[in-house]
Structure formats: structure tokens, C-alpha cells
Amino acid sequence: MSDAEHVEAIFRSSVNIDKAFTYKFLEPWLGKGLLTSSGKKWHSHRKLITPTFHFKILEAFQEVFAEKSSILVQKLEKEVGNTEGFDVYPYITLCALDIICETAMGTEINAQEDSHSPYVSAIYRASELTLGRMLRPWLHSDFIYSLTRDGKKYKQCLNTLHSFTSKVINERKLSLMKKHYIEEEPDVLGKKRRKAFLDLLLEASEEGGRLTDEEIREEVDTFMFEGHDTTSASLCWTLFLLGNYPQIQERVFEEQSEIFNGSDRLPTTQDVAEMKYLERVIKESLRLYPSVPFIGRALTEEVQVGEYLLPADTHVNIQIYHVNRDPKYFPNPDEFNPDNFLPEKVQGRHPYAYVPFSAGSRNCIGQKFALLEEKTVLSAVIRRFRVRALDRPADITLVAELVLRPLNGIRLVLERR
Ligand code: HEM
């Protein structure tokens with residue numbers, strides 16, 4: 001499906017919320033977390049987890065976004081003067097991993113300093129292997145997969161991923177039992193501990209929500225998966241577009257200059273709220289290159305879609321990439337034009353013509369988090385560097401893996417401002 005009116009019929013339904021069968025291949029890793037679960041379990045967990053994404057809580061993560069962005073720009077310094085260009089993708093991914101690890105689990109993995117950590121490598125490898133399996137029907141059987149080299153490698157990755165999250169959960173549980181420890185006591189380095197999603201889940205669970213240790217691990221693994229790959233891709237695509245459209249980049253820089261007035265301080269949530277133009281840039285970039293290019297649903301009830309009646313048990317594929325580029329709603333659909341997101345433009349448009357975060361009851365729970373993170377990271381990069389892309393949009397080969405990626409990375413040249 002690629003038409004706003006058609007996808008509306010699915011997104012508006014409170015019944016047709018089950019995921020298509022391909023999501024089953026994420027289950028060995030993510031279990032039945034928010035992304036993959038359905039029915040009562042999904043309903044009760046979504047209700048329990050929604051308050052942990054409240055704006056007040058996201059505000060507390062601003063410091064993490066800003067600190068990790070500062071490390072990113074320091075790391076990027078070494079590419080200044082490299083006129084042959086370099087691939088920005090690995091830098092951004094490690095930064096996004098640092099951010100999600102600290103906000104989801106309250107743990108620092110310092111991926112930007114140590115990209116060879118077993119946990120970081122396992123995340124990379126598990127994503128690749130999952131997609132490889134989805135695309136090869138002969139690997140769908142659990143028994144056959146377990147006998148293959150990939151299946152064995154996957155099992156090793158899962159051991160690394162699950163033992164890491166379980167260890168962190170146990171440590172945080174112990175801390176929570178020592179009451180108030182999380183909030184009040186500084187850690188060994190003297191830094192005040194911040195609450196992470198995991199702490200909030202543990203607290204909510206104590207207060208009657210009751211999640212088992214396994215359920216908590218499933219949700220934390222889901223955040224780790226959904227919360228870093230998607231934002232990395234979106235950040236890279238936005239830098240790519242800014243590197244192709246210098247005038248738009250200069251407008252972004254002007255807005256930053258107005259907000260920071262020459263100071264090199266870290267951005268606060270107030271500053272981020274003022275980055276209105278940058279927000280339009282990110283939204284437009286997600287329109288052209290949605291991190292999740294398609295999603296799947298399994299219909300539990302028949303549904304009328306335009307002139308077609310789709311029976312129950314049909315598996316539908318919603319092509320977010322194509323919905324977002326419909327010339328009916330975006331007259332020059334392939335052109336990068338942040339003004340598409342001026343308030344007056346948004347107001348008059350079909351509500352399902354732009355759906356990078358999906359829509360309806362199974363929409364992305366992390367969308368506000370993603371926008372805050374992305375604005376903070378991009379602000380740091382654009383305040384420090386002028387960015388030039390070596391490839392044009394027409395030269396890039398898109399790969400629809402679990403997220404939408406450029407086949408050969410994003411080649412940039414940086415100049416210090
Ligand atoms: C640019 C960044 C992001 C994009 C484009 C994005 C997109 C999406 C999309 C399209 C879905 C629906 C998936 C489906 O129906 O199969 C989704 C669901 C979800 N996202 Fe995101 N996402 C982003 C960032 C994040 C972040 C940062 C987090 C967590 C910190 C997150 C957590 C989730 C979760 C838990 C779900 C499942 C929600 C449910 O079914 O109740 N996402 N996201």
C-alpha cells in the first residue's frame with residue numbers, strides 16, 4: 001500500500017494492529033517487546049511504558065544527547081582537511097549507540113571510544129543476520145537455521161546481547177532495592193546518576209504494573225534496537241541532504257547563530273525548542289528517506305481499502321517510502337524542501353500523507369525522543385563544520401534493510417567554520 005487514503009483504513013483501526021509474519025524473525029532477539037507483541041500483552045505494556053516517554057522525562061536526557069554530540073564533533077575533527085571524503089555513517093552510529101545505551105539502560109558503553117566492544121559488534125551482526133534470514137525462505141525454519149553457520153553466529157550474538165542486558169538489569173534492580181540510590185548517590189566517578197528508561201520500567205513494575213525480568217529485558221532490547229539504528233540512518237540522510245543543499249545548510253547555521261550568539265555552550269531543551277527550521281529540515285529528510293521504509297501488518301478483520309475488500313489473515317505491506325513521496329500531496333515529491341513542513345502546509349494536508357513514524361495506536365513511541373536527539377546532534381555538527389556531500393541523491397543506491405541505508409555509506413567533506 002502506498003496511498004494515504006488506503007493506509008488510513010489500516011492505521012485508523014483499533015483491531016488490525018498485529019504484525020506481519022516477518023517480524024517473527026526479530027523475536028529470538030527482542031522477544032515479545034512493544035514492537036513485536038500484540039493483543040493484551042501489547043496493550044498493557046504500551047500503557048505502562050507510554051508515561052516513560054513523557055516530555056519531562058525526555059528533558060532529563062538532553063544532557064546525554066549534548067555530551068555524546070560533543071564527543072562526536074571531537075571525533076569528526078580528524079576528518080577536517082580530508083578532501084577525498086570519508087564515510088560519516090560509522091561515526092554517527094557509534095554516537096547514537098552511546099546515547100541509547102545511557103538513556104535506555106543508564107550504562108555507558110563508550111562506543112565512540114571503543115567501537116570494538118563485543119556488545120556493539122553483536123548489535124551490528126544481529127541486525128544483518130536477521131535481515132539475511134528474512135530474505136531467504138530456506139532459512140525460515142528454526143531447525144534448519146540452527147544448523148547453518150549464520151544460525152550459529154546468530155546464537156552467539158544473542159548470548160552476548162542478552163547477557164549484557166540481563167547483567168545491567170540485575171545491577172539496576174539491586175540499586176533500586178537500596179531505595180533512592182539511583183537518584184541521590186553519585187557513581188564512582190562522582191557523576192550524579194540519571195534515571196534511565198530501565199529504572200522507570202522497574203519502578204512502574206514495582207508500583208503494580210508487574211513485569212517479569214524477561215519482559216523487562218524484552219522491552220530494553222527493543223529500545224536498544226529501535227532506538228539507535230533508526231536515528232543513525234535519519235541523521236546520516238539529513239547530513240547528506242544538507243551537504244547537497246548549501247543554502248539550506250546556511251539557513252540552519254543562521255538559526256543556530258541566533259540561538260547561541262557566538263557561545264559554544266551545550267544546548268538546553270529550551271534551545272532545542274527554538275530550532276524550528278532544523279526541525280523542518282529533519283522532517284523533510286524523513287519524508288524523502290524514512291528510516292523505516294516499510295512495515296507489515298497481519299489483518300485480523302477484513303477491511304475495505306478503496307475498491308478492494310481485504311479478507312482477514314491477509315498480510316499487508318505499507319510502503320512508507322512511497323506514501324511520503326506521493327505527488328498528490330507533495331507536488332515535487334523528490335525535491336528536498338523543508339518548507340513542506342511550514343505549519344500552513346501541514347494543516348491543509350491529508351493526515352496520513354506523511355507517516356515516517358507510522359500512525360494510529362501502533363505508532364512510534366520514541367518519535368519525540370528521536371527529534372530531540374537528532375536536533376541536538378545536528379546542531380553540534382553544523383555549529384562546528386561546513387558539510388559538503390560528495391554524492392548527489394541520484395548517485396546513491398538505496399538499500400531497504402531493516403532500515404533504509406545508502407549502499408556505500410555517506411561520503412562527506414568537512415570544513416571547520
Ligand atoms: C528517526 C527515528 C525513528 C523512526 C523513523 C521510527 C519509526 C518507527 C516506525 C515506522 C514504527 C512502527 C513499526 C511497525 O509498525 O512495525 C516504530 C515503532 C516503534 N518505535 Fe520507532 N522510530 C524511530 C525512533 C525510535 C526511538 C528513538 C525509539 C526508542 C527510544 C523507538 C521505539 C519504538 C518502539 C518501542 C516501537 C513499537 C511501538 C508499538 O508498537 O507500540 N523508535 N518506530
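Ala, Val, Leu, Ile, Met, Phe, Trp, Tyr, Cys and Pro count as nonpolar, Asp, Glu, Lys and Arg as charged, and the others, Gly among them, as polar. The model is predicted: local features need pLDDT of at least 70 and side-chain atom pairs pLDDT 80 or more, while totals for chains, interfaces and linings use all residues. Residues are numbered from 1 along each chain as its sequence is written, and side-chain values use heavy atoms, without hydrogens and water.

View 1. A pocket is an open set of points on a 1 Å grid over the protein atoms alone, with protein on both sides within 12 Å along at least five of seven lines; a cavity is a set where a 1.4 Å probe fits but cannot get out, and lining residues have an atom within 4 Å of a point. Points are joined across faces, edges and corners, and the volume is the space filled by probe spheres set on them. The lining of this pocket has 27 residues, and K283, Y354, F357, Q367 and L371 are those nearest the pocket centre. Two or more lining residues come from each of α15 (269-274), α16 (276-288) and α19. Helix α19 gives the largest share, five residues. By class, 15 residues of the lining are nonpolar, six are polar and six are charged.

**View 2. The largest cavity and its lining.** One cavity of 30 Å³ or more is counted. The volume of the largest cavity is about 30 Å³. Its lining consists of F61, V64, E102, T103, R194, K195 and A196. These lining residues divide into three nonpolar, one polar and three charged.

**View 3. The iron atom of the ligand.** E226 (OE) and C364 (SG) coordinate the iron atom of the ligand at 2.3 to 2.8 Å. The two residues are 138 places apart and link distant parts of the chain: E226 is in helix α12, and C364 is in the loop between α18 (343-347) and α19 (367-384). Helices (H or I, at least four residues) are DSSP runs, numbered from the N terminus. Donors are N, O and S atoms within 2.8 Å of the metal (3.2 Å for Na, K and Ca); water is not among the atoms, so sites may look incomplete. The arrangement around the iron atom of the ligand is octahedral because its six donor atoms subtend angles of 77 to 174°. Six donors count as octahedral if opposite donors are over 155 degrees apart and all others between 65 and 115. E226 has 26% relative accessibility and therefore counts as partly exposed. C364, at 25%, is also classed as partly exposed. Buried means under 20% relative accessible area, exposed over 50%, and partly exposed in between (1.4 Å probe, protein chains only).

**View 4. V220 in helix α12.** V220 is found in helix α12. Its relative accessible area is 1%, so V220 is buried. Leaving aside neighbours within four places in sequence, V220 is in contact (heavy atoms within 4.5 Å) with M105, T165, L198 and L201. V220 and G366 are 146 residues apart along the chain, and 13 Å separates their C-alpha atoms.

View 5. L211 lies between α11 (197-209) and α12 (213-226), in the loop. With a relative accessible area of 7%, L211 is buried. Beyond four places in sequence, L211 has contacts with H45, L48, L201, S205 and I216. From L211 to L48 the C-alpha distance is 9.6 Å, across 163 residues of sequence.

**View 6. K68 and the residues that K68 touches.** Helix α5 (residues 62-76) contains K68. K68 counts as buried because its relative accessibility is 3%. Not counting residues up to four places away in sequence, K68 touches C95, D98, I99, E102, E108 and Q112.

**View 7. N110, with a positive phi.** N110 is not a glycine, although its phi is positive, at about 45°. The residue is placed in the loop between α6 (89-105) and α7 (118-135). N110 has 34% relative accessibility, so N110 is partly exposed.

**View 8. S358, with a positive phi.** S358 is a residue other than glycine, and its phi is positive, near 60°. The loop between α18 and α19 holds S358. At 15% relative accessibility, S358 is classed as buried.

Key
Four donors count as tetrahedral if all angles lie between 85 and 135 degrees; four count as square planar and six as octahedral if opposite donors are over 155 degrees apart and all others between 65 and 115; anything else is irregular.
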